[in-house]
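Dear colleague,

I am passing on the structure we spoke about, so that you can look through it yourself. My notes on what was found follow below it.

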Amino acid sequence: MNLSNGTITTHIENKIGTITFSHPASNSFPSYLLQDLTVQLNVLSENEDVSIIVLRSEGNGAFCAGASFDELLAVSDLQEGKAFFSGFANVINAMRTSKKIIVGRIQGKAVGGGVGLASACDYAFATEAASIKLSEIAIGIGPFVIEPAVSRKIGKSAMAEMTLNPTEWKSAQWAKDHKLYAEVYSSVEEMDVALQNFTQKLASFNPEALAEMKKVLWKGTENWGKLLYERAGISGKLVLSDFTKKALNAFKK
């Protein structure tokens, strides 16, 4: 895929499957990249040569800026809106149902859907630069699709604190204190050393035990197969409002 349009790449080594996503707009996600990421997650889930998955983004800047503003602005009807937000639902459900433990590498800021991706990881490494923000309410929608994943990690109260302060960044330390991140490091280099040591050790464990542990970690989320798509419908409706269209245009400028 052309780099200007973003890429999803997969690399397998020593039983570790690494998925790297990239987009020139702060590693944001247009719908086709969400579709590709879902496919790659499902492929690695079934690959017997892979024991664990590492999810990361390209570069040393933002981890993920969430949904593509250009696509949000282009949504013209309810069906298109639900289809777009279902992209994130597909990715989170693929992470949830994956047979592999997923380790996140969060090197920089995460916004909206990026926070959802970090939350859907089973274990996350981050740097002190990895601040988080849920900005959706400020543009007239809400983090409805990713809310179950975020609330599962940080709790409803912390979720409300983030959602109702949509212009406020929460620090990486705040995210660690609220269990979104497992480990936070002062530099990318330190994080990568720790990540490599952790994943190599994890990949050496019994893959059947890891797969069973994955089921335990996500017990109680079986209704997400329906819930996240209902939430996509809510977001798809709200994105059509005049408030949201004006807010998106203002944000883009």
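The notes below take the sheet and then the salt bridges in turn.

Please keep in mind throughout that this is a predicted model. Its sheet is open and built from 6 strands in the order 1-2-3-4-6-8, with mixed pairing; strand 1 (7–13) and strand 8 (183–185) are the edge strands, each pairing on one side only, and the twist from one strand to the next averages 15°. Strand 1 runs antiparallel to strand 2 (residues 16–22), to which 7 bridges join it, and Thr7 has Ser22 in strand 2 as its bridge partner.

Across the whole structure, 9 salt bridges were found. One of them pairs Glu46 with Lys99, with 3.0 Å between the closest N and O atoms; Glu46 belongs to helix 1 (residues 31–46), whereas Lys99 sits in the loop between helix 3 (78–97) and strand 4 (101–106), 53 residues apart. Glu46 counts as exposed because its relative accessibility is 51%, while Lys99, at 44%, counts as partly exposed.

Asp122 and Lys214 also form a salt bridge, at 2.7 Å from N to O. Asp122 lies in the loop between helix 4 (113–120) and strand 6 (123–127) and Lys214 in helix 9 (residues 207–217), so this pair ties together parts 92 residues apart in sequence; both residues are buried.

Arg231 and Glu147 meet in a further salt bridge (2.9 Å, N to O), which links helix 10 (residues 224–238) with helix 5 (residues 147–154) across 84 residues. Both Arg231 and Glu147 are buried, and salt bridges with shared partners join Glu147, Lys156 and Arg231 into one network.

Methods. Residues numbered from 1 in each chain as written. Predicted model: local features only at pLDDT ≥ 70, side-chain atom pairs only at ≥ 80, totals over all residues. Heavy atoms only, no water. Pairing = 2+ DSSP bridges. Helix = DSSP H or I, 4+ residues; strand = E, 2+ residues; numbered from the N terminus. Axes fitted to C-alpha atoms, helices over the stretch in contact; angles between N-to-C directions. Salt bridge = Lys/Arg side-chain N within 4 Å of Asp/Glu carboxyl O. Buried < 20%, exposed > 50% of the residue type's maximum accessible area, 1.4 Å probe, protein only.
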